[in-house]
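Here is a short briefing for a first look at this structure. Please keep the sequence and the 3D view open while reading.

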Amino acid sequence: MKRRHAVRAVILDDHHHVLLLSHHLDDTTVWAPPGGKIEPGETHLQALTRELDEEIGLALTDPPAHIWHREVTAPAYLPGWDVAINDYYLVRTAAFDPHGSLTATQLAAENTHGARWWSPTDIQTYAGPDLFGPHTLPALLTTLLTDGPPTQPLTLDT
């Protein structure tokens with residue numbers, strides 16, 4: 001089985017806004033935490049550090065808490081892969097204007113088309129056509145903000 005392992009950062013600012021990146025998939029836009037594939041030889045932290053620099057220009061200063069783990073076994077979910085594995089880490093920082101080391105053209109080649117800070121209310125009340133990744137992100141963020149990070153990563157439903 002072809003397995004794609006990725007890391008993602010749930011980035012929260014001082015006002016609990018979360019930074020999400022826009023990905024266009026066919027006729028759908030999905031807003032998801034920044035991050036990406038772990039390259040051969042990289043640790044989770046090395047991959048997360050590289051991805052955050054490339055996509056949004058954020059340097060990690062402390063090892064982030066591992067908060068969620070998700071495995072999706074469905075070839076249609078991520079074409080070319082049998083299993084998609086995502087590990088999510090909590091990063092707290094002051095709000096900033098995201099600009100990574102990759103150009104807009106390079107980001108577009110990776111299917112990334114912009115960034116936005118979302119307030120908890122914006123996410124909870126969003127009724128537009130766009131989706132969130134993972135699909136339970138609104139509820140997950142509510143729990144995270146209410147209860148704090150879990151002591152062990154939560155395994156998310158597919």
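Predicted model: local features only at pLDDT ≥ 70, side-chain atom pairs only at ≥ 80, totals over all residues.

Residues are numbered from 1 along each chain as its sequence is written, and side-chain values use heavy atoms, with hydrogens and water left out.

**Largest pocket**

- The largest pocket has a volume of about 780 Å³.
- Its lining has 29 residues, and the closest to the pocket centre are Arg 8, His 23, Leu 25, Tyr 77 and Leu 78.
- A pocket here is an open set of points on a 1 Å grid over the protein atoms alone, where a 1.4 Å probe fits, with protein on both sides within 12 Å along at least five of seven lines. Lining residues have an atom within 4 Å of a point.
- Grid points are joined across faces, edges and corners, and the volume is the space filled by probe spheres set on the points.
- β1 (3-12), β2 (18-25), β3 (28-32), β4 (35-37), α1 (44-55), β6 (83-92) and β8 (131-132) each supply at least two residues of this lining.
- Helices (H or I, at least four residues) and strands (E, at least two) are DSSP runs, numbered from the N terminus.
- β6 gives the most to the lining of the largest pocket, with four residues.
- The lining of the largest pocket divides into 13 nonpolar, nine polar and seven charged residues.
- Nonpolar covers Ala, Val, Leu, Ile, Met, Phe, Trp, Tyr, Cys and Pro; charged covers Asp, Glu, Lys and Arg; the others, Gly among them, count as polar.

**Second largest pocket**

- The second largest pocket has a volume of about 180 Å³.
- Of its 14 lining residues, Glu 55, Pro 98, His 99, Gly 100 and Leu 107 are the closest to the centre.
- The lining of the second largest pocket divides into seven nonpolar, six polar and one charged.

**Glu 54**

- Glu 54 sits in helix α1.
- Glu 54 counts as buried because its relative accessibility is 16%. Buried means under 20% relative accessible area, exposed over 50%, and partly exposed in between (1.4 Å probe, protein chains only).
- Not counting residues up to four places away in sequence, Glu 54 touches Gly 100, Ser 101, Leu 102 and Leu 107. Contact means heavy atoms within 4.5 Å.

**Strand β1 and its partners**

- Eight of the 10 residues of β1 are buried, so β1 is largely enclosed by the rest of the structure.
- β1 pairs with β6 in the parallel sense over 10 bridges. Two strands pair if DSSP finds at least two bridges between them.
- Val 10 has Leu 90 as its bridge partner in β6.
- β1 and β4 run antiparallel, joined by three bridges. Arg 8 stands opposite Gly 35 in β4.
- β1 and β2 pair in the antiparallel sense over two bridges, and Leu 12 stands opposite Val 18 in β2.
- β1 and β2 form a hairpin with five residues between them.

**Backbone details**

- His 16 has a positive phi of about 70°, although it is not a glycine. His 16 lies in the loop between β1 and β2 and is partly exposed, with a relative accessible area of 36%.
- Asp 26 is not a glycine either, and has a positive phi of about 55°. Asp 26 lies in the loop between β2 and β3 and is exposed, at 81% relative accessible area.
- A cis peptide bond joins Gly 133 and Pro 134, with omega about -5°. Pro 134 is in the loop between β8 and α4 (137-147).
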